Amino acid sequence: MEVQGRIKMIGETQTFGTNGFRKREIVLTTEEQYPQHILIEFIQDKTDLLNDYQVGQQVKININLRGREWINPQGETKYFNSIQGWRIEALQPESVGDNLPPVPPADAFEPVEDLNDDDHDDLPF
């Protein structure tokens with residue numbers, strides 16, 4: 001799966017436990033009618049992927065949804081979800097002319113040499 005939006009926040013890399021588990025969080029704001037602020041985790045060696053990105057940048061992030069079960073001390077079962085990122089890439093902002101077809105150069109057309117003003121023009125405009 002993937003999600004696109006603008007980076008709202010990039011956290012510092014956090015290290016947990018004696019084995020050095022690393023986690024870094026990013027908040028992505030989607031650009032739709034009702035923007036969503038989505039927290040995405042990058043773990044272990046993937047934390048370094050965020051080094052080249054800045055707040056305000058438009059990106060696309062490939063994600064995996066993760067779910068886990070936890071039984072609390074009272075014996076109740078709880079479920080937690082997380083979103084883990086595994087790839088991120090910058091999106092180029094669209095410029096106004098991006099959706100227009102390319103225009104051939106003027107010298108690509110042969111000039112009209114036998115133009116006669118008396119010729120009937122059947123074009124409707």
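A salt bridge is a side-chain nitrogen of Lys or Arg within 4 Å of a carboxyl oxygen of Asp or Glu. By that rule, a search of the whole structure finds 6 salt bridges. The structure is a predicted model, in which local features need pLDDT of at least 70 and side-chain atom pairs count only at pLDDT 80 or more, while totals for chains, interfaces and linings use all residues. Residues are numbered from 1 along each chain as its sequence is written, and side-chain values use heavy atoms, with hydrogens and water left out.

**Figure 1. Overview of the chain.** The chain has 0 helices and 6 strands, in the order β-β-β-β-β-β along the sequence. Helices (H or I, at least four residues) and strands (E, at least two) are DSSP runs, numbered from the N terminus. Of the 125 residues, 23% count as buried; buried means under 20% relative accessible area, exposed over 50%, and partly exposed in between (1.4 Å probe, protein chains only). The accessible surface of the chain comes to about 10200 Å², and 50% of that surface belongs to carbon and sulfur atoms. These areas come from the Shrake-Rupley method with a 1.4 Å probe, and for residues only the protein chains shown count as cover. Among contacts with a separation of 6 or more, 50% are between residues 24 or more positions apart, where contact means heavy atoms within 4.5 Å.

Figure 2. Strands β5 and β6 run antiparallel and are joined by 13 bridges. Two strands pair if DSSP finds at least two bridges between them. The hairpin has 5 residues between its two strands, and Gly-75 in the turn has a positive phi of about 90 degrees.

Figure 3. Side chains of opposite charge can pair when their charged atoms come close. Here Lys-60 forms a salt bridge with Glu-2, with the closest N and O atoms 3.9 Å apart. Lys-60 lies in strand β5 and Glu-2 in strand β1 (residues 2-10), so the pair ties together parts that are 58 residues apart in sequence. Lys-60 counts as buried because its relative accessibility is 17%, whereas Glu-2 is partly exposed at 44%.

**Figure 4. The salt bridge between Glu-41 and Lys-23.** The closest N and O atoms of Glu-41 and Lys-23 are 3.6 Å apart in this salt bridge. Glu-41 belongs to strand β4 and Lys-23 to strand β3, so the pair ties together parts that are 18 residues apart in sequence. Glu-41 and Lys-23 are both buried. Elsewhere in the chain, salt bridges that share partners join Glu-2, Lys-60 and Glu-89 into one network.

**Figure 5. The salt bridge between Asp-48 and Arg-22.** Asp-48 and Arg-22 form a salt bridge whose closest N and O atoms are 3.7 Å apart. The pair links distant parts of the chain, 26 residues apart: Asp-48 is in the loop between β4 and β5, and Arg-22 is in strand β3 (residues 21-29). Asp-48 is partly exposed, with a relative accessible area of 40%, and Arg-22 is partly exposed, with 25%.

**Figure 6. Aromatic pairs.** Rings of Phe, Tyr and Trp (its six-membered ring) pair if their centres lie within 6.5 Å; planes under 30 degrees apart count as stacked, over 60 as edge-to-face and the rest as tilted. By this rule the count comes to 2 aromatic pairs. Phe-16 and Phe-21 form a tilted pair, 6.5 Å centre to centre with 40 degrees between the planes. Phe-16 is partly exposed at 38% relative accessibility, and Phe-21 is partly exposed at 30%. Trp-70 and Phe-80 also form a tilted pair, 6.3 Å centre to centre with 55 degrees between the planes. Trp-70 lies in strand β5 and Phe-80 in strand β6 (residues 77-90), so this pair ties together parts that are 10 residues apart in sequence. Trp-70 is partly exposed, with a relative accessible area of 44%, and Phe-80 is partly exposed, with 39%.

**Figure 7. Backbone at Gln-44.** Most residues other than glycine have a negative phi. Phi of Gln-44, however, is positive, near 50 degrees. Gln-44 lies in the loop between β4 (37-43) and β5 (58-71). The residue counts as partly exposed because the relative accessibility of Gln-44 is 33%.
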